[in-house]
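Student: I am new to this structure and would like to take a close look at a single part of it. Could you walk me through that part slowly, and then show me what else belongs in the picture?

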Amino acid sequence: MNIWAASGPQSSYEIQVRKMVISRLGGSIFAGLVTGPMTAPEHGREIRVVVAAAAMRGTEPGTGEVWNVAGGWATDPKFGRQLHAAQAYRARPSGRLVISYLASHVPGIGRGRAERLWTAFGERLADVMDREDIGVLADTIAPRYPSLGLRLAADVVASWKAATVEPGVIAWLDSLGVTDTRLVRRVVKILGEKTRETLECNPYVLASFVNNWSRVDDLGLRVLKENGIAEPKKDIGRLVGAVDFVVRTMVAGDGHTVIDESLLRAGLARCLKVKGDAGTVDHVIRLGEANSAIIPLADGLWRAPGCATLEDGLAARLRAIRDGLQPSAVAIPDQGDLETALGKLVVGGHPLFQEQQDAVLWCIQRPLSVLIGGAGVGKTTTVRGIVALWEALGGRAEMCALAGRAALRMEEATARAAKTICRLLRQVRNRDDDAEAANINVPRLDNRTLLIVDEGSMVNLGQWHRLAAAMESGCRLLMVGDPGQLPPIGFGLVFHILAQMSDITFELKIIRRQTEGSGIPAVSRAIRDGIVPELPLFAGQAEGVFMLPCLKHEIPERIEHVVAELGGFGVGSGLQIVAPAREGEVGVSGINERFHDVHRRAHGIDALTAVIDEADAHEVRGYLGQFFAVGEPLIHQRNDYERELFNGSMGYVDTIDPKKRTVHARFDGTIIEFGPETLLDIALAYCLTCHRLQGSQSKLIVVALYDHARIMDVSWIYTAITRAEYQVVLVGEPETLVAAIGREPAWKRRRTAFSLV
């Protein structure tokens, strides 16, 4: 019999998890106390529950949690009677279980603050959260820091509402035949306590954030039918929802903020299954425009409404800065005096080159400026000169970048503090609290500030809009980056467009860091200009860019050979693999798995058994199926300011505890523990996507050279190569390199309406 399945009559229980027994890629087994229903013969007894991964849909039980499970009983020859759950979801906690729930589900609370809440309110805590008494909660959470307390209290209430609403919504949707618990959790997280009310009114609001139209439509039609709608397929909510879905798919999938009508029509025809019915599609487009789901532009183009608001608002703000409508409090001398002041500065121990001096003067004289240039042209040195001159004039500079690794590199190169954009905005928003708590000078974006954003090509429309909104009147803005690189992962396009504007943009062209014709700066410049370079064959570690020709299916094996030749992975190796796809044997997941197996063999590690508490296990399994062993490279996948870890922080596994299912990782010399609730934050980092690597650098880069969904273009190749400081090895078919360099860069294929004209 399948361990994860059972037949026969179905039973439903509320169970408090007492002990986790097994955690496998296919599911979990735990022992728990039956707390409901009171009439169940098993009430008050401990039972053993077998839960398939499909039944849990994206989450796993934890000791102390309360779960609602439903399934059939089966008898195991060794373990006896077990409940095999076909459906399982976490229930609202009660009593002291509230402490562990808040500590693990609300960022910024932690065990200490959760215990403080329980000490203050005891069993009344649930009632306080139900009443949304944010002020009282805030006074208890952070009495010395009011705004911080209010923000955390609001998060506590929101999470508690989700815990309250989720079981009811799951039960309601289950009665309609909708059993996708993962979908329900996401819906509740966004819609909160009004989830059922909102969905009953218009179930197609899901089209705004659910990626699968079939699932949205299936639920929508069921709800409309239950509400007595005679022809649910013709309901206006459904038709406008289809427009929302098609437009959002273009924004989320390809980063466009403008959609061509031909693509809009094709998408609507697919969603509504009216292929060839032009009349119906015409009617739906008119409804979409009338209900502000799309905004007409020109020449058969339509704008996404939310993106249009962001684009127009950002453009208006940047025009005002550019045109001097928001003057700085820092006086800018005339050209002669400015040149004299610059001449007195020494940056990095030596004077600036003439081109760099020209760039410094250009940027200082403009309230809005863009500094661009390829690898090796001295952008960082020029930025140091800009900062030094701005401070000499009496101003202050704030520096930031999207990725944590980029911010750290910027800080090291300029000898000035730099932050991630997320951290900068957070500190500006909570300036008083953070300053008092940490006793430091926190950033100000006022009329004496020059805000410098590095790696500007990575920043998307929404992030630029938030930065501009945080800038006070008179704050100046300098964008720094390389338009030859990939466009941002998110929607919109700002930096690449501004970099084409000659009145605000200065380009550094002279390569300062050069060795030979095969050196990284020279090769990257050729690729950026659309020229296919002649690359020497790989023959071991050496400075420059090299090729190792092979067929696609041979790439993983050849990369393994290259890595061995380069000295292998290890702390301080400076080695990084980059691939165009996430999935597959030649993708990020497959290559990471391959090198995990290499690591296993090198260290004599047997495959991890499924039992959590096995004493001799040498690996810990994460929730997404990856295994972690001592010495393996890791990447942190979100910003965690309490731990001072950023999205993109790189580290290594230092020690593991399979029994407790914890990983201790070393990040920049600091040991951080990742337990069952935080293992999702880390992933193996032998191989990363090019977008993930953007904004950082490694000594050695190995590139899996194959095309994937036409993602590999000149900007992809250029970005991958310029991540290396010493050597690049391209492993794959040379024809792929030729095709990629001849393909138009990704940013030129992105349709947007942002403009300062």
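Tutor: Let us begin with strand 9, which spans residues 368-373 and pairs with strand 13, residues 476-481, in the parallel sense over five bridges. Please keep in mind throughout that this is a predicted model. Within that pairing, Leu371 stands opposite Val480 in strand 13. Strand 9 is also joined to strand 14, residues 505-508, by four bridges, and these two strands run parallel as well. Here you can pick out Gly373, whose bridge partner in strand 14 is Leu508.

Is strand 9 mostly covered or mostly open? It is mostly covered, since six of its six residues are buried, where buried stands for under 20% relative accessible area. The cover reaches both faces of strand 9, with Leu368, Val370 and Ile372 buried on one side, and Ser369, Leu371 and Gly373 buried on the other.

For a contrasting region, turn to an open sheet of five strands, whose order is 22-21-20-19-23 and whose pairing is antiparallel. Strand 22 (670-674) and strand 23 (682-684) stand at the edges of this sheet, and because each has a single partner strand, one side of each is left without a neighbour in the sheet. Neighbouring strands of this sheet are turned against each other by 40 degrees on average, with direction ignored. If you follow strand 21, residues 662-667, you will find that it pairs with strand 22 in the antiparallel sense over five bridges, and that Ala665 has Ile672 in strand 22 as its bridge partner.

Several strands of this sheet also take part in the second largest pocket, which has a volume of about 1100 Å³. Of the 40 residues that line this pocket, Arg405, Leu408, Ser649, Met650 and Asp668 are the closest to its centre. Among the elements that give two or more residues to the lining are strand 19 (633-636), strand 20 (650-657), strand 21 and strand 22, together with others including strand 11 (418-420), strand 16 (575-579) and strand 25 (698-705). The largest share, however, comes from helix 17, with seven residues, and this helix spans residues 404-414. Sorted by class, the lining holds 14 nonpolar, 14 polar and twelve charged residues.

Notes: Residues are numbered from 1 along each chain as its sequence is written. This is a predicted model: local features need pLDDT of at least 70, side-chain atom pairs count only at pLDDT 80 or more; totals for chains, interfaces and linings use all residues. Side-chain values use heavy atoms; hydrogens and water are left out. Two strands pair if DSSP finds at least two bridges between them. Axes are lines fitted to C-alpha atoms, for helices over the stretch in contact, and angles run from 0 to 180 degrees between N-to-C directions. On a 1 Å grid over the protein atoms alone, a cavity is a set of points where a 1.4 Å probe fits but cannot get out, and a pocket is an open set with protein on both sides within 12 Å along at least five of seven lines; lining residues have an atom within 4 Å of a point. Grid points are joined across faces, edges and corners, and a volume is the space filled by probe spheres set on the points. Ala, Val, Leu, Ile, Met, Phe, Trp, Tyr, Cys and Pro count as nonpolar, Asp, Glu, Lys and Arg as charged, and the others, Gly among them, as polar. Buried means under 20% relative accessible area, exposed over 50%, partly exposed in between (1.4 Å probe, protein chains only).
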